[in-house]
Each structure stands twice: as C-alpha cells, then as structure tokens.
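Here is a short note for someone opening this structure for the first time. The points below are meant to be read beside the sequence and the model.

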Amino acid sequence: MTQRVAGQPEQHDVYAAQCPCRVMLDLLSNKWSALAIGALEQGPRRFGELQRRLQGVSAKVLTQTLRRLEDADLLTRTVYPAVPLHVEYALTELGRGAAVPLAHLRTWVEGASHRDDACPRLPPRPEP
C-alpha cells in the first residue's frame, strides 16, 4: 500500500501486502540477483565472465536473472556488433545504489559463516 501526501513523493510500506516495493524486494533478495549485482560492482562484464564468477549458476538461470534485473532498470545490456556477438552487462545508477546494502549483506554473511551457530547447515533437499 502506498500513501500520497499532496506535494510530496509517494511513500511506500513494504510490509503492506499490495505495496509495489515488494516486487523489488523479491528481486533483490534472490541469491543470484544479489550475487550478479555484486559481480558487476567493479564494472561491466560479459555473460561468460559472470557465469564463471557466480559458480554454480546455470546459463538458463543466469539469463533469467539478468533479464529480470534489466527489466527492473538495475542493469543495462549492451550488444556490440562483432563476430562472435559481444554483450556486456553493467549496473545502472539504481543498480549501483542497490549494490551498497547488498555488499554489506555479503560481508556480514561471509563474516558470520565462521561461527558454527551463525550459518545453519541445512539438510539436503529431497529429490523430486
């Protein structure tokens, strides 16, 4: 739900069921989205570079993630006419803004993982 006060920008409440901010929150809280944004903090990268950096992501999932980030205006996709095709991904201003808190989260997670009680060891998922 959003509230509008005359002459002021719309105020959002992510706790409200119908708040449009939840779409962005859902996207940024996705593991591959957060890692892709982090991988792009140092500058533009090609698809193969991103896939190597984000160890364990499939080409299909990375493609879907990059498309969602592009649709949300968090990154740009630039195609250079060359053979073979040269495509680069880069953070937008909005993406660079999102990268700041995500970097803090990654730092916290990496530091907390040294504590035995901080990162639970989840049992493997059952086979479908």
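How many bridges join strand 3 to strand 5?

1. Strand 3 and strand 5 (residues 86-91) run antiparallel and are joined by 2 bridges. Pairing requires that DSSP finds at least two bridges between two strands. Arg46 has Glu88 of strand 5 as its bridge partner.

2. The model is predicted, so local features need pLDDT of at least 70 and side-chain atom pairs count only at pLDDT 80 or more, while totals for chains, interfaces and linings use all residues. Residues are numbered from 1 along each chain as its sequence is written, and side-chain values use heavy atoms, with hydrogens and water left out.

3. The chain has 5 helices and 5 strands, in the order β-β-α-α-β-α-α-β-β-α from the N terminus. These elements are DSSP runs numbered from the N terminus (helices: H or I, at least four residues; strands: E, at least two).

4. The strand order 3-5-4 describes an open sheet of 3 strands with antiparallel pairing.

5. Of the 128 residues in the chain, 26% are buried (under 20% relative accessible area, with a 1.4 Å probe and protein chains only).

6. Helix 2 (residues 31-39) packs against helix 4 (residues 59-71) at an angle of about 75°, and the axes are 10 Å apart. Helix 2 is therefore roughly perpendicular to helix 4, a term that covers angles of 65 to 115 degrees. Axes here are lines fitted to C-alpha atoms over the stretch in contact, and angles run from 0 to 180 degrees between N-to-C directions.

7. Which residues make this contact? Helix 2 contributes Trp32, Ser33, Ala36 and Ile37, and helix 4 contributes Val61, Thr65 and Leu69, where contact means heavy atoms within 4.5 Å. By class, the contact of helix 2 with helix 4 has 5 nonpolar, 2 polar and no charged residues.

8. Among contacts in the chain with a separation of 6 or more, 38% are between residues 24 or more positions apart.

Methods. Parallel < 35°, antiparallel > 145°, perpendicular 65-115°, else oblique. Nonpolar A, V, L, I, M, F, W, Y, C, P; charged D, E, K, R; others polar. Buried < 20%, exposed > 50% of the residue type's maximum accessible area, 1.4 Å probe, protein only.
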